[in-house]
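The points below follow the order in which a reader might go through it.

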Amino acid sequence: MRITKDPRKIVPDVYARYFGIAFNDQSLTTGKSARLGSVSYEDWLARQVSA
């Protein structure tokens, strides 16, 4: 948020839901048949800032 100069404060919520679904530690991890790419965080961020 600092890099993009976004002034909003991040407030974590361990009970937050996404479209009504509660996530756990395994919800956003890859499965056995995942298709993985190779975009670095720096490259991704550069695309966001210039867009």
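1. A term is needed before the residues are discussed. Buried means under 20% relative accessible area, exposed means over 50%, and partly exposed is in between. The model is a predicted one, and every value below is computed from it.

2. Secondary structure. The chain has two strands and one helix. Read from the N terminus, the order of these elements is β-β-α. Strand S1 covers residues 17–18, strand S2 covers 21–22, and helix H1 takes in residues 41–50.

3. Overall dimensions. The radius of gyration of the chain is 15 Å, whereas a compact globule of 51 residues would have one near 10 Å. The C-alpha trace spans about 30 × 30 × 15 Å along its principal axes.

4. Burial and surface. How many of the 51 residues count as buried? The share is 2%.

5. The nonpolar patch. Which residues make the nonpolar surface patch of about 540 Å²? They are Ile3, Val39, Tyr41, Trp44 and Val49. Two of these residues are taken up in the next points.

6. Trp44. This patch residue lies in helix H1. Its relative accessibility is 42%, so Trp44 counts as partly exposed.

7. Val39. This residue, also part of the patch, is found in the loop between strand S2 and helix H1. Val39 counts as exposed because its relative accessibility is 52%. Val39 and Lys5 are 34 residues apart in sequence, and their C-alpha atoms are 23 Å apart in space.

8. Lys5. The residue at the other end of that pair has its place in the segment before S1. Lys5 is not a glycine, yet it has a positive phi of about 60°. Is Lys5 buried or exposed? With a relative accessible area of 72%, Lys5 is exposed.

9. Phe19. A positive phi is also found here: Phe19 has a value of about 50° although it is not a glycine. Its location is the loop between S1 and S2. The relative accessible area of Phe19 is 75%, and it is therefore exposed.

10. Ala16. This residue lies in the segment before strand S1. At 42% relative accessibility, Ala16 is classed as partly exposed. What separates Ala16 from Val49 in sequence and in space? The two are 33 residues apart in sequence and 27 Å apart in space, C-alpha to C-alpha. Val49 is one of the residues of the nonpolar patch.

11. Charges. Side chains of opposite charge can pair when their charged atoms come close. One salt bridge is found in a search of the whole structure. The salt bridge joins the side chains of Arg8 and Asp6, at 2.5 Å from N to O. Arg8 counts as exposed, because its relative accessibility is 60%.

Notes:
Residues numbered from 1 in each chain as written. Predicted model: local features only at pLDDT ≥ 70, side-chain atom pairs only at ≥ 80, totals over all residues. Heavy atoms only, no water. Helix = DSSP H or I, 4+ residues; strand = E, 2+ residues; numbered from the N terminus. Rg over C-alpha atoms; globule rule 2.2 N^0.38 Å. Buried < 20%, exposed > 50% of the residue type's maximum accessible area, 1.4 Å probe, protein only. Patch = residues over 30% accessible without salt bridge, like charges linked within 9 Å, V, L, I, M, F, W, Y side chains within 5 Å. Areas by Shrake-Rupley, 256 points an atom, 1.4 Å probe, with all protein chains shown as cover. Salt bridge = Lys/Arg side-chain N within 4 Å of Asp/Glu carboxyl O.
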